[in-house]
Amino acid sequence: MFANVAGSYLWAWTAVGAALELLLQIIPVAAGLKATIDAGLARIFFSWTLHAIVYFWLMPTYIAYYTIVPRAIGGRVYSDSMARISFILFLVVAMPIGMHHTFADPQVGAGFKFIHSAFTALVALPTLLTVFTICASVEIAARLRGGRGMFGWIGALPWDNPMMLALAFSFIMLGFGGAGGLINMSYQLDASIHNTQWITGHFHLIFGGAIVIMYFAIAYDLWPHLTGRELIDIRLIRTQLWLWFIGMIVTTFPWHWVGILGMPRRMAYFDFGDPAIAPQAFSVTLSAIGGFILLASGIMFIVILARGMRAPQIDAGPYRFALAVHEPKTVPVALNTHALWVALMIGLTLTNYGYPILNLALSSGTSVPAVYVGAQ
């Protein structure tokens with residue numbers, strides 16, 4: 001619940017940027033009240049929303065890491081406090097970073113771009129903290145199952161459990177996707193891959209890969225409690241997760257590669273008969289094959305749930321969340337309320353966006369005539 005509320009605050013505040021773009025830029029032009037639009041200012045407003053809005057999809061997976069995975073594999077959460085701190089960090093540092101999406105745009109100075117680059121690097125902290133905490137929680141489960149030694153406990157993990165398999169795949173894709181994100185946030189390195197297929201590969205690997213595969217696992221975990229019917233096709237479930245993992249790797253890795261080669265994103269057509277880009281055709285074909293593997297996995301997911309509806313009825317019992325190794329008797333106010341962190345989130349956002357927005361809003365000669373859809 002603490003994480004859900006943090007996500008709600010983040011979602012509400014990040015929506016303000018897009019709302020300002022609509023109210024101050026797009027709607028007045030659409031209503032005929034203005035004939036010009038400041039595209040640079042509009043992009044800065046949207047960058048306010050652009051990055052933090054994706055945490056709407058990310059938060060449920062991170063919540064599942066802490067509240068479902070340890071219980072599902074027979075373990076306990078390593079630290080309740082670390083879980084809370086990770087969501088506090090998301091709340092505070094996920095907002096004042098959006099201008100890293102506009103590194104190639106000229107309307108904002110290098111100083112503020114550097115600030116946003118530095119804050120973007122801080123977003124890695126809650127993820128690294130989560131990876132550490134969940135790996136520790138998984139180790140606890142393995143040692144409770146008899147795992148011994150520095151690495152011997154890994155073999156004691158319940159690898160036949162779909163939740164364990166989904167977590168492993170999620171972390172692998174999160175590692176590769178997060179490493180690509182560090183390239184994106186670098187003010188210098190971003191110039192090499194800006195607006196290329198690298199970006200497409202990055203966010204598909206994070207969202208479509210690390211996040212969505214945990215959505216499947218969450219669905220499988222909740223299904224008996226929602227329907228009163230047991231999912232008995234465990235082998236089919238594992239196959240579906242394997243296909244999704246393989247399909248996402250085969251789809252996104254070639255995108256990263258052609259992005260390094262300079263292939264732009266958002267292009268409707270490529271003439272691979274041109275010798276200059278012909279070598280990229282194989283990689284693009286490979287990514288299409290990965291897409292078909294993902295399609296097969298998605299269809300299999302629906303089939304599994306449909307077959308589950310014909311399974312015998314069971315009493316799934318009350319739904320339980322994971323418990324901490326040391327269950328907190330009391331929680332410090334700073335880790336159980338949001339006022340301080342929301343204030344810091346708002347303050348950092350206004351600090352990181354205030355001057356660029358005011359500077360652009362007060363500058364003359366930066367607007368251009370609006371072009372309406374369908375206009376000749």
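Close-up 1. Phe56 counts as partly exposed, because its relative accessibility is 48%. This is a predicted model, and here Phe56 sits in helix α3, which covers residues 55-67. Together with Trp11, Val54, Trp57 and Phe207, Phe56 makes a nonpolar surface patch of about 460 Å².

Close-up 2. In one of them, Trp13 and Trp48 are tilted, with 5.4 Å from centre to centre and 55° between the planes. This pair links distant parts of the chain: Trp13 belongs to helix α1 (residues 2-30) and Trp48 to helix α2 (residues 39-50), 35 residues apart. Trp13 counts as buried because its relative accessibility is 16%, and Trp48 is buried too, with a relative accessible area of 4%.

**Close-up 3. Phe176 and Phe253, edge-to-face.** These two rings, Phe176 and Phe253, lie 5.1 Å apart centre to centre, with 70° between their planes. Phe176 is in helix α8 (residues 162-185) and Phe253 is in helix α11 (residues 234-260), so the pair ties together parts 77 residues apart in sequence. Phe176 is partly exposed at 44% relative accessibility, and Phe253 is partly exposed at 33%.

**Close-up 4. A cluster of rings.** Here Tyr55, Tyr62, Tyr65, Phe90 and Phe171 come together as one aromatic cluster.

**Close-up 5. Arginines over rings.** Arg71 lies over the face of Tyr319, 5.0 Å from the ring centre. Over the face of Phe2 you'll find Arg84, at 5.3 Å from the ring centre.

Technical notes: Residues are numbered from 1 along each chain as its sequence is written. This is a predicted model: local features need pLDDT of at least 70, side-chain atom pairs count only at pLDDT 80 or more; totals for chains, interfaces and linings use all residues. Side-chain values use heavy atoms; hydrogens and water are left out. Patches are made of residues with over 30% relative accessible area and no salt bridge: like charges are joined within 9 Å, nonpolar side chains (Val, Leu, Ile, Met, Phe, Trp, Tyr) within 5 Å. Accessible areas come from the Shrake-Rupley method with a 1.4 Å probe; for residues, only the protein chains shown count as cover. A salt bridge is a side-chain nitrogen of Lys or Arg within 4 Å of a carboxyl oxygen of Asp or Glu. Helices (H or I, at least four residues) and strands (E, at least two) are DSSP runs, numbered from the N terminus. Buried means under 20% relative accessible area, exposed over 50%, partly exposed in between (1.4 Å probe, protein chains only). Rings of Phe, Tyr and Trp (its six-membered ring) pair if their centres lie within 6.5 Å; planes under 30 degrees apart count as stacked, over 60 as edge-to-face and the rest as tilted. A charge sits over a ring if NZ of Lys or CZ of Arg is within 6 Å of the ring centre and within 35 degrees of the ring normal.
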